[in-house]
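This briefing is meant for a reader who is meeting the structure for the first time. It takes up a pair of helices, then an annotated span, and then one further helix.

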Amino acid sequence: MAMNDSVNILNSAYLAVEYIDSFLPDNPLQQPFKNAWNYMLDNYTKFQIATWGSLIVHEAAYFLLCVPGFVFQFIPYMQKYKIQQDKPETWEKQWKCFKTLLFNHFFIQLPLICGTYYFTEYFNIPYEWEEMPRWYVLVAQCFGCAVIEDAWHYFLHRLLHHKRIYKYIHKVHHEFVSPFGMQAEYAHPLETLILGTGFFIGIVVFCNHVILLWAWVICRLMETIDVHSGYDVPLNPLHLVPFYAGARFHDFHHMNFIGNYASTFTWWDRIFGTDSQFIAYKEKEKKQQLITKKKAN
């Protein structure tokens with residue numbers, strides 16, 4: 001009975017969104033995107049699209065999304081938004097991070113990406129434009145993937161902090177106490193595999209078109225680079241996402257090493273009380289700010 005009610009609610013929500021969408025103006029980018037997509041299908045094999053296309057999407061999205069945070073370090077005005085202002089980025093750290101990233105991307109992640117084609121063939125995942133889900137379905141699928149990945153990340157990330165195994169795997173990622181965007185995927189190869197598994201679970205559950213693979217890659221990179229950016233910039237559109245953790249939440253994890261284990265949302269840390277030190281830290285900050293204001297007045 002409860003399952004039927006849930007299905008009815010989802011169907012009603014889908015119909016409501018579809019009805020609202022019918023009143024929205026046509027997307028001017030839809031036709032150019034359709035032409036580009038069909039050109040890709042006409043000129044490249046499914047293996048090339050699934051493998052090299054996925055690699056290009058990942059690399060382009062990763063480094064383009066890192067650009068704002070990289071540029072911020074050269075803009076004095078942006079330094080007031082840097083969370084750990086006493087720990088600026090250095091060229092030495094960024095170069096070390098970049099070299100490790102190249103190794104992880106091409107020797108760990110690329111072999112996994114090579115399996116994308118076989119995944120789409122085994123599960124009969126379509127590539128055709130006509131089979132592509134509507135934008136609101138894609139958004140809902142990406143959100144579902146984020147919820148699944150967040151749960152996986154919380155429990156496995158917390159396990160990697162266990163004192164018996166921390167120094168062997170996860171300590172690599174914590175070499176940088178004050179994170180920066182490019183450091184998001186700076187990790188031990190085993191951590192890349194362990195935590196990266198959470199990314200694929202949502203794909204297995206929701207994927208009904210190859211476009212979801214790329215949309216979810218971009219969404220996940222956008223989130224992880226943002227929380228590792230080291231900057232809490234106002235008017236960040238990601239803060240509109242319900243229960244979104246954000247840069248301050250994860251920055252505290254790097255600074256404190258304990259607590260705030262979730263990747264995207266705050267609910268698992270709240271449920272298990274692993275955000276208690278972060279909450280206490282925020283309260284202390286507020287009191288300090290009040291004292292500073294009183295002295296200034």
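In this model, which is predicted, helix α3 (residues 46-72) and helix α4 (residues 91-113) have axes that come within 11 Å of each other and cross at roughly 160 degrees. Because angles over 145 degrees count as roughly antiparallel, α3 is roughly antiparallel to α4.

**The pairing of α3 and α4**

- The crossing in which α3 passes α4 is right-handed.
- On the side of α3, the contact is made by A50, T51, W52, S54, L55, H58, E59, Y62, F63 and F70, while α4 contributes W91, Q94, F98, L101, H105, F106, Q109, L110 and I113.

**The annotated span**

- UniProt, in an unreviewed entry, lists residues 144-274 under "domain: Fatty acid hydroxylase".

**Helix α9 and the residue after it**

- Helix α9 (residues 246-256) is largely enclosed by the rest of the structure, because eight of its eleven residues are buried.
- The buried residues in α9 are G246, A247, F249, H250, D251, F252, H253 and H254.
- Following α9 comes F257, which has a positive phi, near 70 degrees.

Key:
Residues numbered from 1 in each chain as written. Predicted model: local features only at pLDDT ≥ 70, side-chain atom pairs only at ≥ 80, totals over all residues. Heavy atoms only, no water. Axes fitted to C-alpha atoms, helices over the stretch in contact; angles between N-to-C directions. Helix = DSSP H or I, 4+ residues; strand = E, 2+ residues; numbered from the N terminus. Parallel < 35°, antiparallel > 145°, perpendicular 65-115°, else oblique. Left-handed = near helix turned anticlockwise from the far one by under 90°. Contact = heavy atoms within 4.5 Å. UniProt positions renumbered as here; feature names shortened; annotations may be inferred. Buried < 20%, exposed > 50% of the residue type's maximum accessible area, 1.4 Å probe, protein only.
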